[in-house]
Amino acid sequence: MTNQWNFFGDQTNENNPDPTSGLEEIVLNNEISEKQPRNFPDKIAILPLRGLVVYPQTAVPLTIGQPRSIQLIDDTIGGVGERLIGLVASKDINVENPGSADLYTTGTIAQVHRLFRAPDETIRLLVQGITRFNILEFTQTEPYLIARIEIDAETIETGIEIEALTRNVRDQFIHIAQMLPSMPQELIISVSTLEDPLQTAYTIANFQRMDLNEAQDILELDSTREKLTKLVGILTRESEVLELGQKIQKEAKSEIDKVQREYFLREQLKAIQKELGEVDEQAVEVEEFRKKIENAGMPEEAKKQSVRELDRLSKLPTAAAEYGVIRTYLDWLVTLPWSLNTEDNFDIVHARQILDEDHFGLQDVKDRIIEFLAVQKLLQQRSDIFSESENVDKIRSLKEGVILCLVGPPGVGKTSLGQSIARALNRKFVRMSLGGVRDEAEIRGHRRTYIGAMPGRILQAMRRVESNNPIFMLDEIDKLGSDFRGDPSSALLEVLDPEQNKDFRDNYLEVSFDLSQVLFITTANTLETIPAPLLDRMDVIQISGYTEEEKNVIAQHYLVRRQLKENGLLPSEVEFSHETIEFIIQNYTREAGVRNLERRIGQICRKIVTKIGLNEHTEKVITIDDVKTYLGKPRFPKSEEIALRTSIPGVAIGLAWTPYGGSVLFIEATKMQGSRGFQITGSIGEVMQESARAALSYIRSKAVDLGLQDDFFNNIDIHLHIPSGAQPKDGPSAGVTIATALASLLLNKTMRPDLAMTGEITLRGQVLPVGGIKEKVLAAYSYGIKNIILPAQNEVDLEEIPKEVMDSMHFSLVKTIGEVFEYAFNEGQYIDVKKA
């Protein structure tokens, strides 16, 4: 309970237990006098203290280390006089260099009696407090503080009350000291011999632990009675805290003794029950587990493990720590759906009807589900034939399940499709989001050696769904992470392998669980971030964005109905026409899916509900003018944007693919006086930069053929920019567009505003195929672009384009960049691949 005394900047030597080891000692006065000097100076040097209040009539050791404090002591010791300094506490212990405003106004005049100079250039002092003083004003702040002061005399009362308070304070402090083993016995004896009330108050306050504000209050109180009264309250509180701590310690010890006592009594009770032929609660619980194990339908391995652990449980006392661990483990084993399943509905017509009812389009996914259902139906019908025939492959077992990977932009219905499939097959549905999962134990679980261990999320979901053949959706598989805790994608290799997941082993269970009957469906926005071994185990189905006509149908049949119901509207109150939905799609959304479209419809519905609440008149049929009123000005005026940006040379329209669908890319080029400089901006990656340099090299190599001077690049600098600079861009498919933008700039010809293109360029001018054709074409279609230039080798990809898009657009297939320039700058006719 001894206080810690420090100056600001104090560094204590924790490695040297002897505070005087290696010190230069200067004895200024061997005797600590209790006689106060009669006269004190009007001005005195002020030494700030941190977290410490020094009282009169007390001797205190101090350590200083700051240069200004050392200079203050040197000047005080070196001068002629009583070696007096003013000790004042700082209000805030965290202030490193307190100024005059940071100190209390009441302090203690102290006399330096002993000084030690340490090798680390710190000084250690022994000072004795003499009397209180008040600071009137500071007369010096550098190099240290000096203040003009006045002595603040104490009020010392006498009488029976003071004697009683003094005795009370002394007895309480002795009581507290006896509860602390670290309190020296010599200190207790010294305090018990004190008689003077004021000295008793200051001495006990010096050793008692208390807040800085309370310590300063005791110094500032004028009356000895008030000082003692305040000390009584502080000591009483400290005594109660210490007594409560001792009580808690005794209760904890008695609780331990109680547990041991209960253990012996419980063992005796078992012996008595055994003699009387009675069964205890533990035996009842063990018997219940035994029945559950028999009825769980476990495979042989799991059943043997369960019986083995149950035998261990029956031999352990219920108070043992391992008893709860084994009981939890058995509870997991008996509640897993080892043999529980739902019966599949093999009615293919019914399944097709459900899938079409819930989702518009998505034919590839629907066809794959129908194929799976047809195969399962035929296998069930011919199960007897196959069971009698000999299996040719002795190593590999037949694949019973299927793992689908739905890849596409957000908002196209990947997640909701899983629920629809479950409804069509009459299976239960469970979903697990993998976004941000970084710990392998999330998939495989923790080993039972860890406290609080439990199975992974795969088996947790299986127990929750209570079926061993559900539709299991693993959402956002492309957003898996990995760190020092392991790689979850590696753990999924076994889960998503039809040849291995029949014997999936969770780290917690340590027995195999059959996942082969589960229909796993994973979703992703891109395949780039999925590890190749994991991707190889899945049947990938690409889901592209919707066309405007498909969005319109989805809105009329699904989105409008859902938003009307969510906003409390009746179909008889609001009606969206085909033209209105089309206007919203073209001018207020720019997406591959329909989420933003649904938000805009919901926004209109809320505006109508507000009008109904205000008793204002609303029309049933929502017109285009109503849309502008409710949603404001169109946000994406596509045709105006294209015409404006392509009206000057040096601009070409490209097509890009993103994980969120296709996009239209404007590539701009400009030139200025310079010397062969080429600058590329727009947050682009290395591959796109290489495509730009290749395009420029091709233009320079064909300068004469294009009608340019052979040395045109000697006196100019070219700046190539791809707008939307905050959006990262990369890939080779912009090579053709970059070359066209450069040719447009150098030939001073504008490109056709209704033409967009994509393709990789080589140094020899060949146009190579690229990916994402369907998404890119749909993006161009949404912008109103009617003519597309594609690499000739991408002709096969046109089969994926919806018929309505193919009928309204013209496609030109090229093999060289020269053909691109012919279509881009000349007035010749396009080659329509639909008619060629």
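## Surroundings of S69

Once neighbours within four places in sequence are set aside, S69 is in contact with L47 and I64. The model is a predicted one, and in it S69 belongs to helix α1, which spans residues 67-78. With a relative accessible area of 6%, below the 20% cut-off, S69 counts as buried.

## Helices α19 and α20

Two packed helices are described by the angle between their axes and the distance between the axes. For helix α19 (residues 578-588) and helix α20 (residues 595-613), the axes come within 10 Å and cross at roughly 120 degrees, so that α19 and α20 are oblique to each other. The crossing of these two helices, α19 and α20, is right-handed.

On the α19 side the contact is made by I581, I584, I585 and Y588, while α20 contributes L597, R600, I601 and I604. By residue class, the contact of α19 with α20 comprises 7 nonpolar residues and 1 charged residue, with no polar ones.

In soluble globular proteins, nonpolar side chains tend to be buried together. The largest nonpolar core here has 66 residues, of which I699, I738, L742, I785 and I788 touch the most other members. Helix α24 (residues 735-747) supplies the largest share of this core, with 8 residues.

Leaving aside neighbours within four places in sequence, L742 is in contact with A669, F678, A695, L696, I699, I718 and L720. Another core, of 52 residues, lies apart from the largest one and includes C405, V430, A453 and V518.

How values were computed
Residues numbered from 1 in each chain as written. Predicted model: local features only at pLDDT ≥ 70, side-chain atom pairs only at ≥ 80, totals over all residues. Heavy atoms only, no water. Core = buried A, V, L, I, M, F, W, Y, C linked by side-chain atoms within 4.5 Å. Buried < 20%, exposed > 50% of the residue type's maximum accessible area, 1.4 Å probe, protein only. Helix = DSSP H or I, 4+ residues; strand = E, 2+ residues; numbered from the N terminus. Contact = heavy atoms within 4.5 Å. Axes fitted to C-alpha atoms, helices over the stretch in contact; angles between N-to-C directions. Parallel < 35°, antiparallel > 145°, perpendicular 65-115°, else oblique. Left-handed = near helix turned anticlockwise from the far one by under 90°. Nonpolar A, V, L, I, M, F, W, Y, C, P; charged D, E, K, R; others polar.
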